[in-house]
Amino acid sequence: MKMQSNTQGSMRFFMAFILLFVMSCESYGDIRYYVALIIFFITISTCFYFNSCLSKRAIKIFFLSILAILLLGFVYYVPVLSFKININDYSYKDFLFSILFKLLMSFVILSAIEYNVDIFRKVLGAVIAAHIAVFIMQLSVVYLTGYYVDLLYPITGEAQRYEALFSLPIIGNVYRPTGLYVEPSTFATYILWLLALKINFDNNVSKFSYVVCILAIATFSLAAMIYAALFIIVLYYASNAKMYNKVIVSFTFTLIPVVFSYVFSARLSALNGSGETLRANLNKLVFNQNVIDIVFGNGLYGLPEKVANLRTGSDLWRLGIAALNDNGLWLFLILKVGLVGLIITILIFFTLLRQPRDRVLFLILLMTKISFLSFTFVFVLYSLCVFRKNENVFLLRGKNKSE
């Protein structure tokens, strides 16, 4: 009986791990959906075989989420207020299929582990570890041999942007490994979102969390270096360390922009300042709109007329504008759903995240270039909704049943 229980636990862990890992490889686009579908059917079959029980709360939240998605998609499909429908290759049907598929995958991942918080934490840790293992492999190989292992191009045809185009006196040529993502900042973005979700369910902050943050800094992405350093400061201040240690660590990581000032200037010089100009132009694009566009956004199916038909990064680059999510989730939310949407998003996460530490981490995550339409964002939000009142979470955080 015990052996059967161990087999069930191992199968649940493996199915949840592989499905979450595949879906978290965001840079592989729709290709990962086909792999996920195969794993999905295997997972469903496994759950039936082991006679798994579904959480009534999870089912309720799942169907309420579907209703919310249908209503949200329809509301933005109607051209009222500032909402536009001017993106030729993105429709109401595209939105529904994409988000519902991601929601279904999230539902299956949590169902596979029967909403067990301990297994959930281990799955998150394993997925993050798999991503950083690829990153460390790329980092080691490229600095030892000068050869970069690109695991994206052979499958998608899009080369990873790992070249820094500058060198440092001791290190020599600088490289910016990207893991399984197209850019180093994208790697840091999705890894830190998954890490923040894991931290939310952990009793304390482990050394593993600091290692992940340091590797995000090692991407030499200017943005990643800043928000990963802020992560470390927040995590250390929330720890049980003595105050003088907290001050030392905070001071050390606050100096990262100063310590790496040469890196910053070298990177900007290598790009002739184009990177900062593109980001500044994106800010101008958003805040030069009329007031109603800024307050309510352009809608899920709309963009400012200037960029409505420019769907690729190269098109936007030729126009002198960064990718629409490059300046962070906060700006992308304003562009799509306005200041109202940004405020509502913050209120939702603040409601789900009870600890000040987790709320501050979320505010830092608003700086990252994640899209609220991505699987990782959907998965994080759905997980927080499902586990919010789960007894296991309260037990995990040291509260008694009677409480």
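Q: Which side chain makes a polar contact with the side chain of S185?
A: That of K369, at 3.2 Å. A polar contact is a pair of N or O atoms within 3.5 Å; within protein, one must be able to donate a hydrogen and the other to accept it, and residues adjacent in sequence count only if both atoms are side-chain atoms.

Q: What kind of model is this?
A: It is a predicted model, where local features need pLDDT of at least 70 and side-chain atom pairs count only at pLDDT 80 or more, while totals for chains, interfaces and linings use all residues. Residues are numbered from 1 along each chain as its sequence is written, and side-chain values use heavy atoms, with hydrogens and water left out.

Q: Back to S185. Where is it, and what else is in contact with it?
A: S185 is in helix α7, residues 184-201; helices are DSSP runs of H or I with at least four residues, strands are E runs of at least two, and both are numbered from the N terminus. Leaving aside neighbours within four places in sequence, S185 contacts S221, Y227 and K369, where contact means heavy atoms within 4.5 Å.

Q: Is S185 buried or exposed?
A: S185 counts as buried because its relative accessibility is 9%. Buried means under 20% relative accessible area, exposed over 50%, and partly exposed in between, with a 1.4 Å probe and protein chains only.

Q: And the chain overall, how much of it counts as buried?
A: 52% of the 403 residues. The chain has 19 helices and two strands. Of the contacts between residues at least 6 apart in sequence, 75% join residues at least 24 apart.

Q: N283 next. What does its side chain have a polar contact with?
A: The side chain of N327, at 3.0 Å. With a relative accessible area of 27%, N283 is partly exposed.

Q: Now helix packing. At what angle do α8 and α9 pack?
A: About 160°, with the axes of α8 (residues 207-217) and α9 (residues 222-237) 8 Å apart. Axes are lines fitted to C-alpha atoms, for helices over the stretch in contact, and angles run from 0 to 180 degrees between N-to-C directions. So α8 is roughly antiparallel to α9; that label needs an angle over 145 degrees, and roughly parallel needs one under 35.

Q: Which residues make that contact?
A: Among them are Y210, C213 and I217 of α8, and A228, F231 and I232 of α9. By class there are 13 nonpolar, one polar and no charged residues. Ala, Val, Leu, Ile, Met, Phe, Trp, Tyr, Cys and Pro count as nonpolar, Asp, Glu, Lys and Arg as charged, and the others, Gly among them, as polar.

Q: How do α16 and α18 cross?
A: At roughly 20°, with the axes of α16 (residues 329-352) and α18 (residues 375-387) coming within 12 Å. That makes α16 roughly parallel to α18. In this contact, L329, T345, I348, F349 and L352 of α16 meet F377, V380, L381, L384 and C385 of α18.

Q: Which way does phi go at L81, positive or negative?
A: Positive, about 50°, although L81 is not a glycine. L81 is in the loop between α3 (56-77) and α4 (92-112), and is exposed at 54% relative accessible area. E114 also has a positive phi, about 55°, without being a glycine; E114 lies in the loop between α4 and α5 (117-145).

Methods:
Angles under 35 degrees count as roughly parallel, over 145 as roughly antiparallel, 65 to 115 as roughly perpendicular and the rest as oblique.
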